[in-house]
Amino acid sequence: MSEKCIVINGGHELNGSVEVQGAKNAVLPLLAVAILTEDDVVIEDCPHISDIDNMAKMLEELGARVEREGTRIRVSGSVTRGCAETALYKSMRSSMFMLGALLSVTGEVDMPTPGGCDIGARPLDIHLDGLMRMGARTYCDGEILKCRAESLHGANIVMRYPSVGATENLLMCASLAEGETVLINCAREPEIVAIAGALKAMGARISGEGTSVMRIEGVKSLHGATLRPCGDRIVAGTVLSAAALCGGDVTVYGVGANDMRSVIQAFRSKYCRIDENGIGFRVRSEGRVQAKSAITAPFPLFPTDMQPQFLACQCFSDGISRVQETVFENRFAHASELAKLGANIAVQGNCATVVGGKLHAGVVRATDLRAGAGLCIACMKIDGESKVLNPRYIDRGYENFVGLFSSIGADIALSEL
């Protein structure tokens, strides 16, 4: 089978408008939420990306029925077992979303430690500590994580770090557990608010979503509902970063500016004006980059999933910038790929120092989902033809990435080597 690549002829301004799809990081846990009831659950605005396709296959292996029509996915029936094919679990980190839901429904889960992009250890201790406090027994047999629970009960759980995945898992378990659960120092991301809203639409009793303390009063059962994810703020941020770097006039719809506050602040500069409204934002850029620094952190601070895109833009800046990664310890693999294009980046520990300058066309390889997006953005700025290998990583989180940027003026195409 021939290897595919993305071919980009850079140097073009971007102009037009983009409507972002439902957030990958909301749709995936919503699919897990859907197995908490035997009633039909319909999830709208689901993008066509490989992670969602794999999650749907996993639900089918577990016994649920999954039907897709356009951007709408219907999940019905009950799961019949607590384990799926190892390869599916290993292909994506999002399989971890299944842990809380499966434990609530089946009481017995055997799950290979999840896979996904190689961006750091991403330990599971926060997930498992919370589940054990709610009455689960957990242990690891080689590479298989085993969880057992005859019943689940409410608990006060102080999370040592506001993990998004752990918050979602504990939300699912707590919704059907006996008594009240209090999650302290939980995640506050818009995707968490979307999951809590979905569970409430199905009959769960939850308060405090969007804050660092959530209270969940367990109910005996949940019912079906039609659910809609929040817009994908990382897709929106990726378009924003490309427009800021390449110059032009691009309007992005489908994500509220409040969910993008830290990203907008990071890219707004004397060269780039960003106007906000209730349903999106407009980027008008001169195609120049002001040197700025960023530190990744949980929401509402600068998201780690925007770090590669921001770093790529800073390679063209008018000075020296520093990017500190505090969420994942192995998320600078794209720095060495950018260096192949002439970028001046020095990585020491969890900090990258970037001296802005002019880059040249070349061939680079995506090492993970967001790194691939960052490399494509850099190539959109560079005059001449560049190639980005391993576009399968990008397919995990962006629906028709090539078509998206073609629609606003980029000279970009999917090809074979």
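Modeller: Let's begin with the words helix and strand: they are DSSP runs numbered from the N terminus, helices being H or I with at least four residues and strands E with at least two. The model is predicted, so local features need pLDDT of at least 70 and side-chain atom pairs 80 or more, while totals for chains, interfaces and linings use all residues. Residues are numbered from 1 along each chain as its sequence is written, and side-chain values use heavy atoms, without hydrogens or water.

Now the pocket. On a 1 Å grid over the protein atoms alone, a pocket is an open set of points with protein on both sides within 12 Å along at least five of seven lines, a cavity is a set where a 1.4 Å probe fits but cannot get out, and lining residues have an atom within 4 Å of a point. Points join across faces, edges and corners, and volume is the space filled by probe spheres set on them.

The second largest pocket holds about 160 Å³ of space. Its lining is made of Ser262, Gln265, Ala266, Lys292, Ser293, Ala294, Ile295, Pro300, Leu301 and Phe302. Two elements, helix 9 and strand 17 (294–295), each bring at least two residues to this lining. Helix 9 has the largest share, with three residues. Sorted by class, six lining residues are nonpolar, three polar and one charged (Ala, Val, Leu, Ile, Met, Phe, Trp, Tyr, Cys and Pro count as nonpolar; Asp, Glu, Lys and Arg as charged; the others, Gly among them, as polar).

Three cavities of 30 Å³ or more turn up in a search of the whole structure. The largest cavity has about 80 Å³. Around it sit Ala244, Ala266, Phe267, Ser269, Cys272, Arg288, Val289, Gln290, Lys292, Phe310, Cys313 and Gln314. You can find Ala266 and Lys292 in this list, and Ala266 and Lys292 also line the second largest pocket. Helix 9 (261–267) and helix 10 (307–314) each give the lining of the largest cavity at least two residues, and helix 10 contributes the most, three. Seven residues of this lining are nonpolar, three are polar and two are charged.

Helix 8 (233–246) and helix 9 are the elements that give two or more residues here. The lining of the second largest cavity divides into six nonpolar, one polar and two charged residues.

Let's move on to the charged side chains. A salt bridge puts a side-chain nitrogen of Lys or Arg within 4 Å of a carboxyl oxygen of Asp or Glu, and the model has 24 of them. In one, arginine 160 meets aspartate 125 at 2.8 Å, N to O. Arginine 160 is in the loop between strand 9 (156–158) and helix 6 (164–176), and aspartate 125 is in helix 5 (residues 125–133), so the bridge ties together parts 35 residues apart in sequence. Arginine 160 is exposed, at 56% relative accessibility, whereas aspartate 125 is partly exposed, at 35%.

In another, arginine 215 pairs with glutamate 180, with the closest N and O atoms 3.6 Å apart. Arginine 215 belongs to strand 12 (residues 213–217) and glutamate 180 to strand 10 (residues 180–184), so this pair too links parts 35 residues apart in sequence. Arginine 215 is partly exposed at 41%, and glutamate 180 is partly exposed at 39%.

Lysine 340 and glutamate 337 form a salt bridge as well, with 3.0 Å between the closest N and O atoms. Here lysine 340 is partly exposed, at 46%, while glutamate 337 is buried, at 9%.

Methods. Buried < 20%, exposed > 50% of the residue type's maximum accessible area, 1.4 Å probe, protein only.
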